[in-house]
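Student: I have a sequence and a 3D structure to read. Can we go through them together, one question at a time?

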Amino acid sequence: MQRDHLAWPFFDDRHRELVAHLGVWSAQHLAHAGHDTDVDAQCRSLVRDLGAAGWLRHAVAGTAYGGTTETIDTRAICLLRETLAWHHGLADFAFAMQGLGSGAISLAGTDAQRARWLPRVAEGSALAAFALSEPEAGSDVAAMRCAARDDGDAYVIDGEKTWISNGGIADFYVLFARTGESPGARGISAFVVEAGTPGFEIAERIDVIAPHPLARLRFSGCRVPKANRLGEPAEGFKIAMRTLDVFRTSVAAAALGFGRRALHEGLARAKARPMFGQRLADFQLTQARLAQMATTIDSAALLTYRAAWLRDQGRTVTREAAMAKMAATEGAQQVIDAAVQLWGGAGVVHGNVVESLYREIRALRIYEGATEVQQLIIGRDLLKEA
């Protein structure tokens with residue numbers, strides 16, 4: 001994996017050491033991991049391995065709760081995802097969901113809530129999930145219908161969530177539901193719902209292009225203690241957006257990892273593949289394509305680590321994170337498609353690295369806000385500033 005970008009001034013020596021150590025660990029533990037037909041079991045196994053090795057400690061905040069730092073180090077999260085994505089797509093997914101699924105607890109949980117859930121996330125003994133999207137409210141969160149009704153010492157939740165990563169295997173879900181204090185996004189609250197709670201069921205498992213555990217969730221009279229509410233009533237939308245500001249940037253980093261691996265594979269193929277008495281690499285068309293691939297990756301990397309660095313300085317990075325996510329995922333799609341083209345027929349054979357990357361990257365262009373949503377975020381922020 002190329003590491004020239006680690007010399008950029010966005011990073012400290014601890015970030016460079018982190019990547020070096022994870023690179024060695026990944027080569028030893030992920031090189032032959034493959035993709036089992038039992039994706040659930042492999043995901044659980046990867047979470048345990050990542051926890052045992054200490055990598056998941058970077059996904060939570062607070063040293064008292066298993067974290068490596070008091071606040072989430074966005075640059076570390078991004079570098080970890082980029083490295084894991086280069087080696088193994090499902091390992092990146094497993095790491096990311098531990099962070100995204102518990103991120104609202106790190107950001108808005110009480111001491112008791114953090115102590116209850118975060119240490120298990122950090123050690124890999126509990127899987128987390130982030131339940132925001134609904135059948136009619138994916139990109140438009142304000143259209144959420146899942147409702148939580150105040151009922152004494154608890155909230156009673158009714159409704160559905162869908163496209164939920166880790167759905168069906170998570171031990172707890174950070175759920176966002178309408179509590180009705182105000183219309184639209186201002187009437188949403190956040191809760192932690194544990195698997196097995198009466199009235200909560202997995203309505204459907206969803207098979208997608210890349211091997212990730214996904215599900216549709218159903219809540220029918222699901223009673224959740226008030227002690228499981230995160231933050232104050234009606235703060236759910238803000239909590240969700242704060243969480244996404246951290247992890248949306250890391251989606252861009254995962255795309256960088258996929259893109260860098262595709263460039264690596266494309267270069268290797270171009271240098272080794274005979275073509276009309278020469279090598280594929282000897283043709284100017286190939287060299288131009290490789291140049292475009294490398295430039296696309298570096299451009300996206302600069303946007304990604306700008307956003308991560310700014311957030312670690314305490315800045316709000318909604319616009320910058322959206323730019324990074326859009327540029328990195330769209331750019332990686334182009335780079336991976338070019339790598340498949342360089343591989344020719346072999347590039348579309350199931351099990352080839354570039355074929356696997358092609359399936360992985362397609363989901364990231366939608367995951368945590370489709371490209372079109374990122375464009376809206378950026379445009380609205382520009383107009384508000386103007």
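**Strands, cores and a cavity**

Tutor: Strands β1 (residues 128-131) and β4 (residues 172-178) pair in the parallel sense over four bridges. Strands (E, at least two residues) and helices (H or I, at least four) are DSSP runs, numbered from the N terminus, and two strands pair if DSSP finds at least two bridges between them. This is a predicted model, where local features need pLDDT of at least 70, side-chain atom pairs count only at pLDDT 80 or more, and totals for chains, interfaces and linings use all residues. Residues are numbered from 1 along each chain as its sequence is written, and side-chain values use heavy atoms, with hydrogens and water left out.

Student: Which residue of β4 is the bridge partner of Ala 131?

Tutor: Start from β1, which pairs with β4 in the parallel sense. Look across from Ala 131 into β4. The bridge partner there is Leu 175.

Student: Which residues of β1 point the other way from Ala 128 and Phe 130?

Tutor: Ala 128 and Phe 130 point one way from β1. All the residues of this set are buried (under 20% relative accessible area; exposed is over 50%, partly exposed in between, with a 1.4 Å probe and protein chains only). Pointing the other way are Ala 129 and Ala 131.

Student: Is Ala 129 buried or exposed?

Tutor: Ala 129 lies in strand β1. Contact means heavy atoms within 4.5 Å. Leaving out residues up to four places away in sequence, Ala 129 touches several residues, including Met 97, Ile 164, Phe 172 and Val 174. Its relative accessibility is 0%, so Ala 129 counts as buried.

Student: How far apart in space are Ala 129 and Ala 363?

Tutor: Ala 363 lies in helix α9 (residues 353-364). At 28% relative accessibility, Ala 363 counts as partly exposed. Ala 129 and Ala 363 are 234 residues apart in sequence. C-alpha to C-alpha, their separation in space is 17 Å.

Student: Is Arg 359 buried or exposed?

Tutor: Arg 359 also has its place in helix α9. Setting aside neighbours within four places in sequence, Arg 359 is in contact with Ile 209, Ala 210, Pro 211 and His 350. Its relative accessibility is 18%, so Arg 359 counts as buried.

Student: Which residues touch the most other members of the largest nonpolar core?

Tutor: A nonpolar core is a set of buried Ala, Val, Leu, Ile, Met, Phe, Trp, Tyr and Cys residues joined through side-chain atoms within 4.5 Å. The largest one has 97 residues. The members that touch the most others are Phe 176 and Tyr 305.

Student: What is the volume of the largest cavity?

Tutor: On a 1 Å grid over the protein atoms alone, a cavity is a set of points where a 1.4 Å probe fits but cannot get out. Grid points are joined across faces, edges and corners, and a volume is the space filled by probe spheres set on the points. By this rule there is one cavity of 30 Å³ or more. The volume of the largest is about 40 Å³.

Student: Which element gives the largest share of its lining?

Tutor: Lining residues have an atom within 4 Å of a point. The elements that give two or more residues are α6, α7 (284-312) and α8 (318-343). The largest share, five residues, comes from α8.

Student: Where is Phe 276?

Tutor: Phe 276 has a positive phi of about 50 degrees, although it is not a glycine. At 75% relative accessibility, Phe 276 counts as exposed. Its place is in the loop between β9 (274-275) and β10 (278-279).

Student: Which strand holds Trp 163?

Tutor: Phi of Trp 163 is near 60 degrees, a positive value in a residue other than glycine. Trp 163 is exposed, with a relative accessible area of 54%. The strand is β3.

Technical notes: On a 1 Å grid over the protein atoms alone, a cavity is a set of points where a 1.4 Å probe fits but cannot get out, and a pocket is an open set with protein on both sides within 12 Å along at least five of seven lines; lining residues have an atom within 4 Å of a point.
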